[in-house]
Amino acid sequence: MTTITAGQPVSQQDRLKAIIGGSTGNLVEWFDWYVYSAFTLYFAPHFFPSEDPTARLLSAAAVFAAGFVMRPIGAWIMGIYADRHGRKSGLTLSVSLMCAGSLIIACTPGYETIGVAAPVLLVLARLMQGLSVGGEYGASATYLSEMAGKDRRGFFSSFQYVTLISGQLLAIMVLLILQSTMTEAALDSWGWRIPFVIGAVLAVVVFYLRRGLAETESFTNAKANDAPKSGFLQLIRHHPKETAVVMLLTAGGTLAFYAYSIYMQKFLVNTSGFSRPVASQINAATLFVFMLLQPLAGALSDRIGRKPLMVGFGIAGVLFTYPIFTALETTRDPWVAGALVMAALVIVTGYTSINAVVKAELFPAHIRALGVALPYALANTLFGGTAEYVALRFKDGGFERGFYWYVTAMIAISLVVYLRMKDTRRNSRIMED
């Protein structure tokens, strides 16, 4: 294990090694998380028997949202853990929980075999994964931001979303491979279990990888200086403004991200009328380009600041979300659909590429992981985790376009916060170089 003593500078080689190692673990965490969404269309009938496909998707989306309920709890518990025991320790714990959740889903029989126990076990597994991801975000955002170095924080911290998107993209690629190599009947019957097994195995590998990561200089300096202990009451008492800012700047960004990416696959099938393989191909192609944009936008923020990118997302999101969704309703050309989805993802890049570093730069080291994780998780639970469910409820109620207005309104609220807050690049509370 590599250690860093208080005041000891981090070499560029050690910094790069730690960022690559932390990012790889983040990729596997998010692969396990997103496999659920990518394969919902296949496993939903096994856990939620119903003749109405929208009703099945609603049930599966409700379980997806239930996983988000645990994210604030995971953020609270493991945010404090990462502040007190180290970012590396928090990252190792989170991947262990993700592994267990994936194994449960992979091995659980369907409703026809064990009845109501099947959806109960699915919910249990999803709650464990929610606990894991709740802790993962704060620990990884803090770790990458602290290890990146003063002049390249935007660039290196953007790899949190590179790996987050890579995890989602890898889940979709596994889906595409299985769709091309298995019959539809086999994939519907048992093939959907394969990616959950893959995720569990990769999580074991990452567990051992993360045990060898270096700890950050910010954490070791805070421990050496006997900084106050991290805790919920201290966060609320001493950092109420920063906590509120994280929640509000996250609300519109996370809702837009889940609407444009996670829900989009279902939207292209359920509303636009594309086949499941074509919808998956559109989603994979656009997410790949979206992934490549993250470090470019992160590097740009190191030059011009974080605020211009967030304001740009807010303005473009307010202006174009409704037109993009309404255009997607009627298009039957996959190239046109891909271009529209790509336009939406370019817009949201102004948030996704720098949200980790912006949040980390708001808090001092001794409470940074909790400060990043908990308000983010609360906003994510309220707005990101419910995005699919709200969208499908609007559709089921005959007013699908209400969801487009809802996304637009939440982006507008976040835009107000972006306009009023200071640029964290110039007012960062990460003191180390």
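Me: Which residues do ring pairs link into a cluster?

Reply: Quick heads-up: this is a predicted model, where local features need pLDDT of at least 70, side-chain atom pairs count only at pLDDT 80 or more, and totals for chains, interfaces and linings use all residues. Residues are numbered from 1 along each chain as its sequence is written, and side-chain values use heavy atoms, with hydrogens and water left out. Rings of Phe, Tyr and Trp (its six-membered ring) pair if their centres lie within 6.5 Å; planes under 30 degrees apart are stacked, over 60 edge-to-face, the rest tilted. The cluster linked that way is Tyr260, Tyr263, Phe267, Tyr322, Phe325, Phe403, Tyr404, Trp405 and Tyr406.

Me: And how many aromatic pairs does a search of the whole structure find?

Reply: One of them is tyrosine 137 with tyrosine 376, stacked at 3.5 Å centre to centre with 10 degrees between the planes. Searching the whole structure gives a total of 24.

Me: How many residues apart in sequence are the parts that the tyrosine 137 and tyrosine 376 pair ties together?

Reply: Helices here are DSSP runs of H or I, at least four residues, numbered from the N terminus. Tyrosine 137 belongs to helix H6 and tyrosine 376 to helix H18 (residues 368–384), so the separation being bridged is 239 residues.

Me: Is tyrosine 137 buried or exposed?

Reply: The cut-offs are under 20% relative accessible area for buried, over 50% for exposed and partly exposed in between (1.4 Å probe, protein chains only). Tyrosine 137 comes out at 1%, so the call is buried.

Me: Which backbone oxygen does the side chain of serine 145 reach?

Reply: Serine 145 is found in helix H6, residues 117–148, and is buried at 0% relative accessible area. Its side chain gets to 2.8 Å from the backbone oxygen of alanine 141.

Me: Which ring does the charged end of arginine 276 sit over?

Reply: For this, CZ of Arg (or NZ of Lys) has to be within 6 Å of the ring centre and within 35 degrees of the ring normal. Arginine 276 is 4.4 Å from the centre, and the ring belongs to tyrosine 42.

Me: How many disulfides does the structure hold?

Reply: A disulfide needs two cysteine sulfur atoms within 2.5 Å. The sulfur of cysteine 99 has its closest cysteine sulfur in cysteine 107, 11 Å away, so that is too far for a bond. Cysteine 99 is buried at 12%, whereas cysteine 107 is exposed at 59%. The disulfide count is zero.

Key: Helices (H or I, at least four residues) and strands (E, at least two) are DSSP runs, numbered from the N terminus. A polar contact is a pair of N or O atoms within 3.5 Å; within protein, one must be able to donate a hydrogen and the other to accept it, and residues adjacent in sequence count only if both atoms are side-chain atoms.
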